[in-house]
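I am opening a notebook on this structure. The entries below record what I looked up.

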Amino acid sequence: MKKVSFLIVFVLLAVGFIACRKPPTDQEVENGFDKTAMLTYYADNIIVPGYTAMVEKMQALESASNTFLAAPSGDAQATVKEAYKQAYLQYQKVAAFQFGPAETALLDLYLNFSGGLDYSFTTSGELTGFSVDTNTIENNITTGNYNLANMSRSSFYSQGFPALNYLFFAPGAIEKYSTNTAARVAYTKAVITRMATLVNNVSTGWTAYRSEFIANTQTNVGSPIGNMVNQMAYQMDLLKGPRLGWPLGKQSNGIVFATKCEAYYAGFSVALAIENLTNLKRIYVGGEGKGFSAYLVALGNEQMNNDVLAQFDAALSKLQLIPDPLSNTLTTQPQTVDAAYKEIQKLLTLLKTDVASATAVQITFMDNDGD
Amino acid sequence: MNKNVLSVGALALAILSITSCKKDPVEPVDPTPIKEYTVPTTYNFANTDYTKARQAVLMAVELDAYLKIANAGSTLVALDQNKINNMFANTGNPFTNTDLNSAGFNITSLTSDASLYKAYADSVVMFNTGVTASQGVGGFVPRGANKIVVGPNGVEYGQAFIKGTMGALMFKEAVALLNSVKSMSDADTAAAQKAWDAAFGYLSVPVNYDTSVVYQSADPLKPLLWGGYLAERGKAIQAGGTIFQAFLKGRAAIGGYDATVRNAQADIIMEKWEQLAAAAALNYVTAPTASSAIGNLGTQFHALSEGLGFIMAFKYRPANSKLSAADFQTLSNILHKDFYVLVNQSGFTDLVTAQNILKNTYGL
C-alpha cells in the first residue's frame, strides 16, 4: 500500500512537471522578455496608427483628386501629386503588415502590386515588377467593362497606386482627360474609391484583430511574430528585387528596365524606397525596449542585433545617396544604385537567415517547393 | 432486486455475445506463442528485400524527371512521346538506370487507374507547344525563370501525373500490402515480412532514415517521393519518425509472432501516411490563396496540380479512413474545377471549403 501511494505521488509529480514544461516559443515571457508587450507595442504604436494615417492620406488624396478631375490643370495636378506622394509614403509604412486584415483584403496586391518575387523581368514579359498595365487601363476606360476585384496580374496592374501614377502623371495625362472625359474621370474615381475602401476595411479590421494579434506569442507559421519576420524579409526582398535590383538589371545581365521603377511617372521611387527601409528599421527596433531588437538581445544574440542595426544604417545611407528620379539614375550613376543594392543584399541575408533562425521563424513566402 | 441483477446479467451476456459475434473472421485460430524480439534502429533485417518496390519508385522518378525537361527555361524543349510510352511499358530500354530496364515489370501494371495517369503524362507532351497558356488554352505559364506546361484548365499535368502516381501506385500498394499482412497468421512470417518490406520500399527512405538529417539532392540514398514528403510537408505531424518507427517495430514484431503489435503498427502507418497526404494537400490548396502567390499563376497552378494529385490519393485510402465518401467527393470536385476559376474566386470559397475538410477530418 505504501509503495502504491508512493508511486501515485511520483506519477502526479511527473505529470505536474511535464505540464509545466511548455516549449519556449509558447511562453509569453521568454528569457525575461515579454513578447505580449512587444506585440502590444507594435499594434498600438505602429500598426493601428499607421492604418489610421493611411485612411486620412487617402481622404486627402481623394479630395485633391476630385478637384483635379473637376477641372484638370497643371496646378491641380501638382496638388494631386503631393497628396499622392504623401499617401504612397504612408503606404510604405504599413506595407510590411501584409497579414491579418491586410491579407484578407489582399491590400498589397490591390494597392501596390510588385509582381511577386518569382516573375522574371527577362522572361515573363511586360507585366512584371512595379509595372502599369496601360492597355488594360485604357481598355477599361473605353469599355467601362471591368471588375477591379479580379485577381489577375492585369487587374492588379490597372488599379491602385500604379494606375493613378499613369492616369495622373504620365506624359500628356492632363490632355487625356479632354477625350472621353466622363469615362476617364469615372475610372479614376473608381480606382481611388476602391483603394480607400480597402484601406478602411483593413483599418477597421484591426479593431477586432488586435486582441488575436497580441495574444499569440508563438513563432510558428502564421503566428504574428512569424508573420512580422516574414514580412520584413519579404519587403527586403522587394527592395533588392523589383524596387532596385531588377530595374538596375540585376536579373538581366545589366540591361536596365527604367520604366519598372516604382512610381515611374511621378518620379520619386527612391523616396519610397527610403521610406520603406526606414520603416523596416522602425519595426525592427520597436520602442521602449519592446521590439525585435530587444528580443534578439534577450535571446542572447547581442552581436547579431548590433550587426543588423549597423547594416540598416549602412543600407539607408547608401540609399540616400541615390538621386530621384531613379529611372534616370539607373543609367547616369549605376554604381551609386549598385552600392545601395549590395548593402540591401547583406541586410536581407541577416534578416532572412540570421534573425529568422534566432527567432525560430520559418520563411514561407518563397515558392520553395522542391519541384 | 434479484430480478434486476438477473436482467443486468442477461444484458451483459447479450452484449458479450454480440461482441464475440463481431470477432474478426480472419483472426488466427491457433496463435503461435510470442517470442522475444528487439526493435532495431535501422531497417536492417536478415532477409529484407524490397527491390521491386524500390524499382517502381525509381521508374516513376525517372519519368517525372523526363517530363520536367520541358519546364527548363522559357522556350520550348520538345519531349518524345515514344520515350514516355516506353517508360510506362518498360520496353526499349528507356531508363538511364539499366537495372530498371531488366526489372521484368512496368509501373503501369502496378498503378490503379493507370490509363488516367498515363493520360496525364501524355498531356504534358500535348500542351508542350510553345503557346502561352490562357484560360481554355493549354501551354506555358512562367514560373520563376522557367515555366510549367498546363492544360486548358491550368492543370500542370506533370504534377498531376507524379503526385497522382504516388497515390495510385505507392500509397495504394502500401495500404494493400499492410492490410494483407494484417490478415496473415502470426506464424506466416515469411509472407508477412515480404509484404511488409515491399510496403516499406514504397515509402522510399534509407534504412537508417533520420528525421534530423537534411538529405542532399546528390545523395543516392536520399528519400524519394513519399519519403521526401515526410520532411517536405510532414514535419508538423511527425510523419517521418512515426511511420519509420512503426515500420521497424512492426517488422520486428512479425519475427516475434506478435500479431497484435504487428497489426497495430500497420494501422499506425496507414493512418499517418494518409494524414501526410492530407497535410500535403492542405498546403497545396492553401498556398495559392496567399498574397505572395496571388497573381503568380505559375506558383498557384503548380501547387493546385500537386493538390489534385494528393487529393486523388484518397481514392485509395484504407477502409477505416476518417474521410467520408461525401467529403472525398467534394474535395475531388473542387480540385477538378477550372484552376483559372479557383484562383479568381472572391474569398477563395472552394479552396477554403477544401482546406476546412482537410483540417477538420485530419486534425491539421
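**Strand pair in chain B**

I began with strand 1 of chain B and strand 2 (residues 146-150) of chain B, which pair in the antiparallel sense over 5 bridges. For pairing I required at least two DSSP bridges between two strands. Helices (H or I, at least four residues) and strands (E, at least two) are DSSP runs, numbered from the N terminus.

The model is predicted: local features need pLDDT of at least 70, side-chain atom pairs count only at pLDDT 80 or more, and totals for chains, interfaces and linings use all residues. Residues are numbered from 1 along each chain as its sequence is written, while chains are lettered from A and ligands numbered from 1 in the order in which they are written.

I then looked at the turn. Strand 1 and strand 2 of chain B form a hairpin with 2 residues between them, and Gly144(B) in that turn has a positive phi of about 60°. Pro142(B) stands opposite Lys147(B) in strand 2 of chain B.

Is strand 1 of chain B mostly covered or mostly open? I found 4 of its 5 residues buried, so it is mostly covered. Buried means that 20 or more other C-beta atoms, placed from the backbone, lie within 10 Å of the residue's own.

**Nonpolar core**

I looked up the largest nonpolar core, which has 208 residues. Such a core is a set of buried Ala, Val, Leu, Ile, Met, Phe, Trp, Tyr and Cys residues joined through C-beta atoms within 7 Å. Met232(A), Ala174(B), Ala277(B) and Ala281(B) touch the most other members. Helix 7 (residues 157-182) of chain B brings the largest share, 14 residues.

Not counting residues up to four places away in sequence, Ala277(B) touches Gly167(B), Phe171(B), Phe310(B), Ala313(B) and Phe314(B). Contact means C-beta atoms, placed from the backbone, within 7 Å.

**Contact between the chains**

How many residues does each chain give to the contact? I noted 18 from chain B and 23 from chain A. On the side of chain B that touches chain A, strand 1, helix 9 (226-232) and helix 12 (297-313) each supply at least two residues. Helix 12 of chain B gives the most, with 3 residues.

**Chain A**

Last, I checked chain A, which has 16 helices and 2 strands. Its C-alpha trace spans about 100 × 45 × 45 Å along its principal axes. Of the 371 residues of chain A, 46% count as buried.

Methods
Buried ≥ 20, exposed ≤ 12 C-beta atoms within 10 Å, placed from the backbone. Contact = placed C-beta atoms within 7 Å.
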